[in-house]
Amino acid sequence: MKAGIIANTGKEKIAEAVLTVAKALIREGFECCISDSMTPLVTEEMLRNYCFSDDQTMVASSDIIISLGGDGTLLSTASKTLQSGKPIVGINFGKLGFLTEIHKETLHEAIKEIKAGDYSIEERIVLEGKSEQTGDCDIFAINDIVIEKGGWPKMMEISLFANGELVSGFSADGLIIATPTGSTGYSMSAGGPIVNPRADVVVISPICPHSLTMRPIVLPADMTIRVEVSSHPVKFSINCDGQRVNELTSPFAIDIVKGKDPLRLVRTKDSSYFNVLRNKLYWGLDVRGRG
């Protein structure tokens, strides 16, 4: 079994972390290859003793992909591996680690379980967008697609459609179209619901709408969601997962659908979505002091 490693090169001491993971993989009988984005950061000895390759070649030749960093690193890794269908193992070297559930304390045990086949693959929906205005740029997201008003002090006018039917027209600072995976991110901060990642739905959350009644809505994932901005005085933005940003001008329209290729995450036997909710978002916990 061969594992490829993609790491967040901006993290302090990331070379040491990559070496630790590579040694743990080899100790359990894995073949191992590391993204060549790491080559400027590692020692000459490590360059001699380990396989390094460009991401495309490494993904194609690997059975699983190790994402070493935080949730942002996993989202970036997924953008490189999605079409291959290769499952991703998230190892947390960041802050929250909502998607990357494996930590350094559980690293060796998790790798043993994966080598023994004692794991499951969890598939999560992704979003794809199609618009004439974005040209050849790929619009896809694991967490969310966000349309924001840009550097204009007033709100933007947005029209929302589902399967060709008008849902609503409203004024807001923007709009978040989130997957269940992304429901605990920006969408939650905008008042959207927490949705189990196995649900086949999409969450639509307006950003600061100028209305007491314009609330987030959950729609079936097989619907085509259309967003139109007919007139906006300045450039505005559409970003995917907070990483890939396009500047746009009005009139603008985009159709957003469920992607054909799901995100495939490796889950070990101790993985628990509700444990993560409680321990990392403190969901449902009474934080008041008990006298």
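Me: How many helices and strands are in the chain?
Reply: The chain has 7 helices and 19 strands. Keep in mind that this is a predicted model.

Me: What box do the C-alpha atoms fill?
Reply: Roughly 60 × 55 × 35 Å, taken along the principal axes.

Me: OK, the inside now. What percentage of the residues is buried?
Reply: Buried residues make up 48% of the 291.

Me: Which residues have the most contacts inside the largest nonpolar core?
Reply: They are I5, V18, L25, I34, M38 and I66. That core has 30 residues.

Me: Which elements give two or more residues to this core?
Reply: Two helices do, α1 (14-27) and α5 (107-115). The strands are β1 (2-7), β2 (31-35), β4 (64-69) and β5 (88-92). The largest share comes from α1, with 8 residues.

Me: Which residues does L25 touch, leaving out those up to four places away in sequence?
Reply: L25 touches A3, I5, F30, C32, I66 and I111.

Me: What other core lies apart from the largest one?
Reply: There is another core of 29 residues. I145, A172, F236 and I256 are among them.

Me: What about contacts between residues at least 6 apart in sequence?
Reply: Of those contacts, 68% join residues at least 24 apart.

Me: Switching to the backbone. Where is the cis peptide bond?
Reply: It joins S250 and P251, with omega about 0°. P251 sits in the loop between β17 (244-248) and β18 (252-258).

Me: What is the phi of K13?
Reply: K13 has a positive phi of about 60°, although K13 is not a glycine. K13 lies in the loop between β1 and α1.

Me: And what is the phi of D241?
Reply: D241 also has a positive phi of about 60°, and D241 is not a glycine. D241 is in the loop between β16 (236-240) and β17.

Me: Is K13 buried or exposed? And D241, buried or exposed?
Reply: K13 is exposed, with a relative accessible area of 55%. D241 counts as buried, at 9% relative accessibility.

Me: Last one, charges. How far apart are the mean positions of the positive and negative charges?
Reply: They are 5 Å apart, for 30 positive and 36 negative charges.

How values were computed: Residues are numbered from 1 along each chain as its sequence is written. This is a predicted model: local features need pLDDT of at least 70, side-chain atom pairs count only at pLDDT 80 or more; totals for chains, interfaces and linings use all residues. Side-chain values use heavy atoms; hydrogens and water are left out. Helices (H or I, at least four residues) and strands (E, at least two) are DSSP runs, numbered from the N terminus. Buried means under 20% relative accessible area, exposed over 50%, partly exposed in between (1.4 Å probe, protein chains only). Contact means heavy atoms within 4.5 Å. Lys and Arg count as positive and Asp and Glu as negative; His and the chain ends are not counted. The place of a charge is taken as NZ of Lys, CZ of Arg, CG of Asp or CD of Glu. A nonpolar core is a set of buried Ala, Val, Leu, Ile, Met, Phe, Trp, Tyr and Cys residues joined through side-chain atoms within 4.5 Å.
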